[in-house]
Amino acid sequence: MSSLLQSTRNTRALPTDTMRYIRSDAPENLTSQEIQWLSDNNIMTIVDLRSEEEVSRKPCIFKEKAGFRYYHLPVTGGGDTPKSLEHLHLVYQQMVDEKMEKIIDIIMNAESNVMYE
């Protein structure tokens, strides 16, 4: 699987037949052409799901980028790393907390296409 953005390792559309929702790793070194591509595809809402620690290590360039709507909404539930495929299910269930409703609301009701990291 190749990334939609050359400077990232894991940027892909979900579902694959639309640009409505884009899943990405941290887009920390985007080129001006990649930023223009996002704009051209109306991917103007950025939802950063990473922890405070992750954001401090690798800040998101969209926090201050004009024209983009940036939301930092860390997924805080769970806090455990899956140790097996069976354990993965439990870890994801634990991630559903009071912040998840806000995250889903912003993603589902965004006026533009959304990239979340």
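1. In this predicted model, Tyr-21 has Val-114 of β5 as its bridge partner. Tyr-21 belongs to strand β2, residues 21-23. β2 and β5 pair in the parallel sense, over 3 bridges.

2. These two strands are part of an open sheet of 5 strands with mixed pairing, in the order β1-β2-β5-β3-β4. The edges are taken by β1 (12-13) and β4, each with a single partner strand, so one side of each has no neighbour in the sheet.

3. One of the residue pairs is Asp-48 with His-72, the latter in β4.

4. Helix α1 spans residues 32-40, and its buried residues are Glu-34, Ile-35 and Leu-38. They lie on the same side of α1 because the arc they cover around the axis is only 100°. In general, an α-helix has 3.6 residues a turn, so residues three or four places apart point the same way.

5. What packs over that buried side? The cover over the buried residues of α1 includes β3 (43-48) and β5 (113-116). The face turned away from the buried side carries Ser-32, Gln-33 and Asp-40, which are exposed.

6. A backbone detail to check by eye: just after α1, Asn-42 takes a positive phi of about 55°.

Key. Residues numbered from 1 in each chain as written. Predicted model: local features only at pLDDT ≥ 70, side-chain atom pairs only at ≥ 80, totals over all residues. Heavy atoms only, no water. Buried < 20%, exposed > 50% of the residue type's maximum accessible area, 1.4 Å probe, protein only. Helix = DSSP H or I, 4+ residues; strand = E, 2+ residues; numbered from the N terminus. Arc of directions from axis to C-beta. Contact = heavy atoms within 4.5 Å. Pairing = 2+ DSSP bridges.
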